[in-house]
Amino acid sequence: MSTQARRLLQLRYWLEAMEALPPGAFRDREIYVTEPKLRGWAGYVIECGTAP
């Protein structure tokens, strides 16, 4: 598994963990920060382009 694919899985699991937490400022902030990163890395792994 490539480093980029591994990073994508880490972000995915982190986002799932944050979504499982009760609502709060920390959870909301982490989801807001993580979602765009997850989309960027997914695009990289799927398209084999340059890292975001």
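The structure is a predicted model, in which local features require pLDDT of at least 70 and side-chain atom pairs count only at pLDDT 80 or more, whereas totals for chains, interfaces and linings use all residues. Residues are numbered from 1 along each chain as its sequence is written, and side-chain values use heavy atoms, with hydrogens and water left out.

A search of the whole structure returns 1 aromatic pair. This pair is formed by Trp41 and Tyr44 in an edge-to-face arrangement, with 5.7 Å from centre to centre and 80° between the planes. Rings of Phe, Tyr and Trp (for Trp, the six-membered ring) are taken to pair if their centres lie within 6.5 Å; planes under 30 degrees apart are classed as stacked, over 60 as edge-to-face and the rest as tilted. Both partners belong to helix H2, where a spacing of 3 residues places Trp41 and Tyr44 about one turn of the helix apart.

The chain contains 2 helices and 0 strands; helices (H or I, at least four residues) and strands (E, at least two) are DSSP runs numbered from the N terminus. Helix H2 comprises 23 residues, 25–47, and its first and last C-alpha atoms are 34 Å apart, close to the expected 33 Å at 1.5 Å a residue. The expected span is 1.5 Å times one less than the number of residues in the helix. Directly after H2, Cys48 adopts a positive phi of about 55°.

Besides Trp41 and Tyr44, the buried residues of H2 are Arg27, Glu30, Ile31, Thr34 and Leu38. The cover over the buried residues of H2 includes helix H1 (3–20). Arg27, located in H2, has a relative accessible area of 19% and is therefore classed as buried. Beyond residues up to four places away in sequence, Arg27 touches Met18, Glu19, Leu21 and Pro22, a contact being defined by heavy atoms within 4.5 Å. Between the C-alpha atoms of Arg27 and Gly43, 16 residues apart in sequence, the distance is 24 Å.

Lys37, in helix H2, has a relative accessible area of 42% and so counts as partly exposed. The C-alpha atom of Lys37 is 9.7 Å from that of Arg12, at a separation of 25 residues along the chain. Pro36 also lies in H2 and is partly exposed, because its relative accessibility is 46%. Pro36 and Ile46 are separated by 10 residues in sequence and by 15 Å between C-alpha atoms.

At the level of the whole chain, 23% of the 52 residues count as buried. The C-alpha trace spans about 35 × 20 × 10 Å along its principal axes. Among contacts in the chain with a separation of 6 or more, 37% involve residues 24 or more positions apart. The chain carries 7 positive and 6 negative side chains, and the centres of the two sets are 5 Å apart. Lys and Arg are counted as positive and Asp and Glu as negative, without His or the chain ends, and each charge is placed at NZ of Lys, CZ of Arg, CG of Asp or CD of Glu.

Conventions: Buried < 20%, exposed > 50% of the residue type's maximum accessible area, 1.4 Å probe, protein only.
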